[in-house]
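Let's take a walk through a protein model together. Have the sequence and the 3D view ready, and follow along one region at a time.

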Amino acid sequence: MNVLISLDGLSYKSFERWSQSFIDLGFSYCKKMITTFPSVTFNAHATAITGNSHDQHLIFDNVVADVANAATIERIALYGDHELLCNEALHRQTLFYSLAMHDLKSSCIHWPLTTGNPYIHYLVAESSSKKKIEQAGSAADLDTVALHETIQAIESGSYDFIAARFVGYDALSHQYGKDSMEAIHCAESLIGHIHHIYDTLSKSQQAFNLFIFSDHGQSDVQSFFYPNEILAQSRWREHLLNKQIRFIGDGSGSLLFYSRLTQQENQEIMSYFNRWEQVNHFYELGSGSGAESGLGFGSEPGFGSESGSGSGLESGSGSGSGFGTWPGSGSAFRPVGILDLKHTICGEDILAPEQPQYEAMKSLHGYHPDQVEEMNGFMLGIGDRIKQGQIIEQSHLVNIAPTIAKVFQIPHHCKGREIQSLISDTIKEHE
Ligand SMILES: [Zn+2]
């Protein structure tokens with residue numbers, strides 16, 4: 001049995017204070033898991049569970065716009081595991097699919113964008129748990145449900161793979177700050193949940209591997225930036241009002257830019273925004289087939305392999321091979337650019353007369369992880385097929401799914417590569 005736990009929003013720096021207690025137990029520890037850009041929950045979780053980046057799984061952010069099927073650009077929030085993006089093309093990229101093809105059963109708890117995934121045998125959607133606990137409704141209650149479901153899934157012995165996500169730290173970090181008493185207290189209770197899961201696995205008398213990671217970090221907010229309001233004052237005002245262009249984001253360190261204009265017009269808008277002091281960089285996205293332009297994934301160490309050779313990138317990019325068989329699989333939701341803001345600046349997609357929603361927010365994420373170190377997460381692993389006590393400097397979220405596939409000894413086609421220094425060649429004897 002293999003178990004993957006996500007601690008949402010806990011940066012690798014914030015986690016360091018707890019790392020030694022896991023090392024002492026024999027866990028291997030990857031100090032820094034380089035996250036996605038935008039460094040947001042849905043993109044990061046889709047990347048972790050598929051082993052692909054957003055040019056293939058097409059989950060860019062927690063919000064999107066439908067540019068191909070709608071006459072105008074409209075904002076769509078994905079909260080509630082929006083079924084628009086939960087399509088067969090996405091499901092088939094998940095590790096759940098590769099496992100099901102080998103008659104291996106999965107249980108999935110509160111993982112984003114899994115609605116209707118037919119390759120998950122037991123699915124607990126975050127949205128349905130939220131409805132059930134509506135009265136109390138806190139993130140801690142949601143995590144109590146996730147813990148309970150995870151323990152039940154382990155004790156049932158019915159599943160080969162369990163993926164679960166805890167959301168409490170992320171929620172309190174946004175609300176009170178990443179280092180606030182409230183957020184740290186919650187993180188401590190989630191660390192307790194992890195120990196509970198580890199103890200349950202250890203007592204289960206069966207072979208297991210346990211992985212824990214975080215999808216991104218947090219950093220403190222100081223000021224705000226509203227690019228749609230800037231467009232409304234610019235020479236592109238008419239295009240904005242006609243819903244031909246729009247920035248979309250959810251109180252984030254970066255915003256997606258959607259446009260129906262020509263590439264040249266888009267580039268003019270990008271260079272205009274690149275002059276604003278709040279902007280780190282306006283990245284142009286490639287038009288589709290897997291080869292991202294401008295985002296420089298090759299420069300991210302550890303993306304393809306731990307040595308940073310970038311070999312993993314070549315095999316999956318280029319023609320988009322393997323994904324071309326699902327026509328219409330999502331280019332409808334593809335932004336043309338990502339506006340990355342400077343550290344501590346929070347972007348919001350409001351347009352007058354809409355009022356800011358996020359001014360009370362203390363911490364946020366979304367920034368490019370190359371620019372803001374705190375955006376990155378960490379990973380821990382222990383089990384029968386994991387080397388004991390390894391310390392790995394860094395790897396990438398895209399390598400999680402292939403690493404778990406390697407532990408299962410099944411093929412899983414994706415862009416990421418297994419973290420070789422984590423996996424043991426020999427299976428440990430289970431007592
Ligand atoms: Zn998250």
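Start with the zinc ion: along the sequence, its donor residues follow the spacing D-x32-T-x173-D-H. Two of these residues, D8 and D215, link distant parts of the chain, 207 residues apart. D8 sits in the loop between β1 (2-7) and α1, while D215 sits in the loop between β8 (209-213) and β9 (219-220). (Helices, H or I with at least four residues, and strands, E with at least two, are DSSP runs numbered from the N terminus.)

Which atoms hold the zinc ion on the protein side? They are D8 (OD), T41 (OG1), D215 (OD) and H216 (NE2), at 1.9 to 2.1 Å from the ion. Donors here are N, O and S atoms within 2.8 Å of the metal (3.2 Å for Na, K and Ca), and water is not among the atoms, so sites may look incomplete. The four donor atoms make angles of 97 to 121°, which gives a tetrahedral site; four donors get that label if all angles lie between 85 and 135 degrees. D8 and D215 are both buried, where buried means under 20% relative accessible area, exposed means over 50%, and partly exposed is in between (1.4 Å probe, protein chains only).

## Before you go on

This is a predicted model, so local features need pLDDT of at least 70 and side-chain atom pairs count only at pLDDT 80 or more, while totals for chains, interfaces and linings use all residues. Residues are numbered from 1 along each chain as its sequence is written, and side-chain values use heavy atoms, with hydrogens and water left out.

## Salt bridges

How many salt bridges does the structure hold? There are 15, each one a side-chain nitrogen of Lys or Arg within 4 Å of a carboxyl oxygen of Asp or Glu. D8 turns up again here: D8, E126, K130 and R165 are linked in a network of salt bridges. E126 belongs to helix α6 (residues 126-132) and R165 to strand β7 (residues 161-166), so the pair ties together parts that are 39 residues apart in sequence. E126 counts as buried at 10% relative accessibility, and R165 counts as buried at 6%.

Now look at D179 and R17, whose closest N and O atoms are 4.0 Å apart in another salt bridge. D179 is in the loop between α8 (168-176) and α9 (181-203) and R17 is in helix α1 (residues 12-23), a link across 162 residues. D179 is partly exposed, with a relative accessible area of 45%.

## The sheet and its helices

Next, find the open sheet of eight strands, in the order β6-β5-β7-β1-β8-β17-β2-β18 with mixed pairing. Two strands pair if DSSP finds at least two bridges between them. The edge strands, β6 (122-124) and β18 (391-396), each pair on one side only. From one strand to the next, the twist averages 15°. Strand β2 (residues 28-34) runs parallel to β18, and the two pair over five bridges.

Helix α1 packs on this sheet, touching β2, β17 (377-383) and β18, and its direction makes about 170° with that of β2. Touching means contact, with heavy atoms within 4.5 Å. Axes are lines fitted to C-alpha atoms, for helices over the stretch in contact, and angles run from 0 to 180 degrees between N-to-C directions. Helix α14 lies across β1, β2, β7, β8, β17 and β18, at about 175° to β8.

Technical notes. Tetrahedral: all angles 85-135°; square planar, octahedral: opposite > 155°, others 65-115°.
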